[in-house]
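User: Please take a close look at one part of this model. I want a single connected account, with the cut-offs for each term.

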Amino acid sequence: MNLDGRAQSAPRSKRLLQCAIAVLALIPLFAGIFGVVRGPAFLDVTPPWPTDLDSHFRFLSGVFLMLGLIFYSTIPDIERKTERFRLGALMIVAGGLARLLSLGLHGVPSFGHVGGLVMELVVVPLLVLWQAHVAREAGTR
């Protein structure tokens, strides 16, 4: 340990962030998988629905699945994957802003979607700040 205590706090903060990402990235990963496999039925709606809605829903579910994998790819060297981490986060925040627009136009969605909105516009930006702290502590960007 050095005199200011960084030797212990930096690895601990990194490990906690890695664990948080490992758990939280399960959300887009599994939502993406279930959305690709089940289509709009994933939201407990009953068919029939327009073919274009099914296509668009499955496409976006594939994007969501890949976002989960992008975040998993940052875990091993999270202090050095700042650009990738921020790009994934920006994609999620952009989706959250679109969800917020929907809320304004059409009202409050179900509890799960409100939870998604909180994750997208509050938790993810906080994770970006945490990752920046871990990168700074490691002396990288």
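Analyst: Helices here are DSSP runs of H or I with at least four residues, numbered from the N terminus. The model is predicted, so local features need pLDDT of at least 70 and side-chain atom pairs count only at pLDDT 80 or more, while totals for chains, interfaces and linings use all residues. Residues are numbered from 1 along each chain as its sequence is written, and side-chain values use heavy atoms, with hydrogens and water left out.

The part to look at is helix α2, which spans residues 26-38.

Start with its aromatic residues. F30 and F34 both sit in helix α2. They are four residues apart, about one turn of the helix. Their ring centres are 6.3 Å apart and their planes meet at 25°, so the pair is stacked (rings of Phe, Tyr and Trp, the last by its six-membered ring, pair with centres within 6.5 Å; planes under 30 degrees apart are stacked, over 60 edge-to-face, the rest tilted). F34 also stacks with F42, at 6.2 Å centre to centre and 20° between planes. The structure holds three aromatic pairs.

F34 is partly exposed at 41%. F42 is partly exposed too, with 29%.

L26, F30, I33, F34, V36 and V37 make a nonpolar patch of about 490 Å² (Shrake-Rupley areas; members have over 30% relative accessible area and no salt bridge, and nonpolar side chains, Val, Leu, Ile, Met, Phe, Trp or Tyr, are joined within 5 Å, like charges within 9 Å; a salt bridge is a Lys or Arg side-chain nitrogen within 4 Å of an Asp or Glu carboxyl oxygen). V37 lies in helix α2. At 61% relative accessible area, V37 counts as exposed.

S61 lies in helix α3. Beyond its neighbours within four places in sequence, S61 is in contact with G32, G35 and V36 (contact means heavy atoms within 4.5 Å). Is S61 buried or exposed? S61 is buried, because its relative accessible area is 6%.

Technical notes: Areas by Shrake-Rupley, 256 points an atom, 1.4 Å probe, with all protein chains shown as cover. Helix = DSSP H or I, 4+ residues; strand = E, 2+ residues; numbered from the N terminus. Buried < 20%, exposed > 50% of the residue type's maximum accessible area, 1.4 Å probe, protein only.
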